[in-house]
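Dear colleague,

My notes on it follow directly after.

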Amino acid sequence: MENDKNTNIKRNEIKDLRVKRTLENINNAFNELIFETDFEKITVKSLCEKAKINKKTFYTYYSSLDDLLLEYQEKTSSEYIEQISKYRIPEDFDKITREFFLFSEKYGEAYEKITSNEKYLYIRQRMINNVMSVTWEKSGICEKIGKYRYNLLIAFVQSTTLSMYKQWITDGKKISLEEIISLTSELLIDGMKKFLS
């Protein structure tokens with residue numbers, strides 16, 4: 001009886017490892033394809049070929065490529081939110097800016113493309129909205145400065161951060177990571193101080 005129980009546990013562990021490996025293969029293939037081509041041109045067939053799985057396996061875990069994309073957005077947003085959850089806005093905005101650039105570097109070329117390519121605006125905006133709803137909305141700034149001034153502040157922060165990041169990517173990262181973090185933080189913090197005073 002004990003032997004059967006141990007055998008079942010080992011089978012479940014093997015199955016879990018296979019599932020984990022399959023999902024990793026799917027996600028790695030998706031990241032590669034996002035970098036290589038536009039999302040609209042990715043097919044389940046091309047993803048399965050790259051992941052070395054069959055379509056049936058893909059459909060075991062996802063009903064469509066849109067589901068995979070949604071999972072990518074939610075996972076990425078959640079990880080970033082977790083990284084910045086200990087910081088307060090606006091007091092720790094330099095640290096939040098640093099985390100954005102470090103996080104972006106960690107996620108690599110597919111994330112760079114999603115963040116800097118205009119074709120991915122709808123994907124990027126959903127990720128931004130996820131982050132903003134959890135971070136800025138909890139800050140209480142909206143109540144202090146009013147809805148319309150708050151909307152302007154958010155537009156300034158989003159557009160400045162993304163513009164700096166996109167230009168850095170476009171220029172081939174010719175200045176160091178530390179320098180782009182410092183420059184972006186200085187511009188944002190100086191602008192926010194004047195706006196909030």
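In this predicted model, helix 6 has 14 residues, which at 1.5 Å a residue should span 20 Å. Its end C-alpha atoms are 20 Å apart, in agreement with that expectation.

Six positions of helix 6 deserve attention as a group: Ile123, Arg124, Met127, Ile128, Val131 and Met132 are buried. Viewed down the axis of helix 6, the buried residues fall within an arc of 160°, so they line one face of the helix. These buried residues pack against helix 4 (65-84), helix 5 and helix 8 (147-170).

As to the contact with helix 5, the axes of helix 5 (residues 93-116) and helix 6 (residues 121-134) come within 7 Å and cross at roughly 95°. Helix 5 is therefore roughly perpendicular to helix 6. On the side of helix 5, the contact is made by Tyr111, Ile114, Thr115 and Ser116, while helix 6 contributes Ile123, Arg124 and Met127.

Leaving aside residues up to four places away in sequence, Gln158 touches Gln125, Ile128 and Met132. Finally, Gln158 and Lys173 lie 15 residues apart in sequence, and their C-alpha atoms are 20 Å apart in space.

With kind regards

Technical notes
Residues numbered from 1 in each chain as written. Predicted model: local features only at pLDDT ≥ 70, side-chain atom pairs only at ≥ 80, totals over all residues. Heavy atoms only, no water. Axes fitted to C-alpha atoms, helices over the stretch in contact; angles between N-to-C directions. Helix = DSSP H or I, 4+ residues; strand = E, 2+ residues; numbered from the N terminus. Parallel < 35°, antiparallel > 145°, perpendicular 65-115°, else oblique. Contact = heavy atoms within 4.5 Å. Expected span 1.5 Å × (residues − 1). Buried < 20%, exposed > 50% of the residue type's maximum accessible area, 1.4 Å probe, protein only. Arc of directions from axis to C-beta.
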